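Please look at the sequence and the structure below before reading on.

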Amino acid sequence: MAADCAIILVGDNPAVLDALVAPVRQRLSRAGWSRKSHDPFIQVFAPTGGRLQVARGLDGHGVVIGEIYDREGQALSLRARGALGCRRLDAAQARTVCSDHWGRYLLVRRVEGDVAVLRDPSGALDCVIWRKGGVTLISTTAAAVIDPWLPDGMALDWDAVAVLVGRPGEHRHRLALTGLQAVAGGELRVIGKGVNRAQQIWRPAEVYRDRASRPAPDLRGAVERSVQALAGDRRWIAEVSGGLDSAIVAGVLTADQRRSVAAWVNHYVDQPEGDERDYARAVAGRHGFALTEVRRDGLRLDAVRLAACAETFRPAANDIDPDYNEDIADRIEATGGWGSLTGQGGDAVFFQMPSLLIGLDEIWERRGRARLAVLHRLSRWLRRPLWPTALARDWREEVRHRAGWDHPWLDDLGGVPPAKALQMSALAFCQTFQGPAVRSRLGPCVNPLLSQPVVEAGLALSAVDLTWGGRDRAAARAAFADVLPPSILDRRSKGELGAYYGGAVAAHLGFLRDYLLGGALAEAGLIDPGLEDRLTRDALLWRGGHSQLLSLALAEAWVRRWRERLGRRIP
């Protein structure tokens, strides 16, 4: 169970809603849940000590879950959110909400007997919907307490599970559970008796295509407003990895906000390439705070630990390092912190990815005015010649990869050049970081660089502008030069934990061999026969693949947990 748990129930009429809720009230109470909002047609339940705000529509026919801000970063008052929950939620209103507001929210409204659901474009809160007994259910959580409300006949979708196994660790929008539907960030879903239609109100491609009609993006301003608004006056555990992105988040907090941080945490390992303390110390010295340095020593990996990560709608890819997440969760509990603050997502938003496709974007966007200097800088950055054959080869490879993209944000890429499309696919993958993890059990994990204003600023700048053709996150480096220590501003390397994780996973090969080769996925015929050859110390240390093995283990744990839960529901 996470701090961002909530489930919203909207009945076709009050009688069917009460009939569905009444038998489960005691179960919810025993699990530490309570009713947060109660109207004849709408009820909201969440953990009693949870972090989600609930604002009922002033007329009792709508509700806003979570935090919502105006474009200047001012939080909407409870009354303003209640008024927002009163307005008819159609496509036009959804566009207005996405244009004028941002945040970490779900907006739900009864519309002519049906239910309209808008998920904020950042996807900060999960959103899964279904129908049962004349009631529409909208949930941010797959906690087992909601099992009596899950759809009758619900089952594992083994075709979708096979896709998860084939590309372990990737974010898959489609759920591998029948009867449930995921709502994408920026999607308006209308559902009811005989009605189930979706409309993607916000798309990354539309932000890029509409950039000429909007003011020039202010990357610095977008980051400052978003980070400061989301941090507010709360007490946080802040991660300082030693990388550029977490240094930017630390740098744009106000002095008062930095003073209210309960702990600035850096995790390090003994291998030099994974020890980022010197860079993290430079950030701490630049802003005058004390750094908490946590030495990592292997992974604790067993069936019980993996099962704790499996109470989710998807395999918990955000829990690939549960030890890291448990340390953050323990610090939130020990300090009374609100949650954790990270720099996750900056690689995608600011464009960290070195690729020849950036050269294709320069040619695509400027046609005959393409600048040779940009192409020359890109060639030097990649240490590769920009021959037409090389550009064509990378373009063909990118087209091949697109066949595996699975997210509504990527359904319409017309007019989007190749490197920009690559950035959009990376942003879709970053929905993984918005997903549940052990660290979220007592306080939300907030990723300000994945907030809507920051993402939109990054999308409105071309891949060439973001990199100046020859430097990862060049525009971000320039925008935040005054708050970054020189060692990070000028840094060209990036921390590498592959050897550490390879060794840590190698220490558990006996467990992983039994767990994967004798588990539910193998029973279903979904384990590659060649996996056994990869489950050796030499293979891990020389060929890598630790992340795939950990992701497979998370998928195995997830399937086992859902088989157990669904098995208990069979009469």
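The model is predicted.

**The sheet**

Six strands form an open sheet in the order β4-β5-β6-β7-β11-β12, and their pairing is antiparallel. Strands β4 (54–56) and β12 (195–200) stand at the edges; each has a single partner strand, so one side of each is left without a neighbour in the sheet. From one strand to the next, the twist averages 25°. Strands of a sheet pair through backbone hydrogen bonds, in either a parallel or an antiparallel way.

One pairing can be followed in detail. Strand β5 (residues 62–70) runs antiparallel to strand β6 (residues 101–111), and 9 bridges join the two. Within this pairing, I65 has L106 in β6 as its bridge partner.

**The helix across the sheet**

Which strands does helix α4 lie across? Helix α4 (residues 91–100) lies across β5, β6, β7 (114–119), β11 (187–192) and β12. Its direction is at about 160° to β6.

The table sets out the geometry of the two pairs.

| Pair | Angle | Axes | Crossing |
|---|---|---|---|
| α23 (residues 509–517) and α27 (residues 546–568) | roughly 50° | within 10 Å | left-handed |
| α7 (residues 219–231) and α18 (residues 452–460) | about 165° | 8 Å apart | left-handed |

Helices α23 and α27 cross at roughly 50°, and they are therefore oblique to each other. On the α23 side, the contact involves L512, Y515 and L516, which meet L549, L552, A553, E556, A557 and R560 in α27. By class, this contact of α23 with α27 has 7 nonpolar and 2 charged residues, and no polar ones.

How are α7 and α18 oriented to each other? The angle between them is about 165°; angles over 145 degrees count as roughly antiparallel, which makes α7 roughly antiparallel to α18. In α7, residues L219, A222, V223 and S226 meet P453, V454, A457 and G458 of α18. The contact of α7 with α18 divides into 6 nonpolar and 2 polar residues, with no charged ones.

Conventions:
Residues are numbered from 1 along each chain as its sequence is written. This is a predicted model: local features need pLDDT of at least 70, side-chain atom pairs count only at pLDDT 80 or more; totals for chains, interfaces and linings use all residues. Side-chain values use heavy atoms; hydrogens and water are left out. Axes are lines fitted to C-alpha atoms, for helices over the stretch in contact, and angles run from 0 to 180 degrees between N-to-C directions. Helices (H or I, at least four residues) and strands (E, at least two) are DSSP runs, numbered from the N terminus. Angles under 35 degrees count as roughly parallel, over 145 as roughly antiparallel, 65 to 115 as roughly perpendicular and the rest as oblique. A crossing is left-handed if the near helix is turned anticlockwise from the far one by less than a right angle, and right-handed if clockwise. Contact means heavy atoms within 4.5 Å. Ala, Val, Leu, Ile, Met, Phe, Trp, Tyr, Cys and Pro count as nonpolar, Asp, Glu, Lys and Arg as charged, and the others, Gly among them, as polar. Two strands pair if DSSP finds at least two bridges between them.
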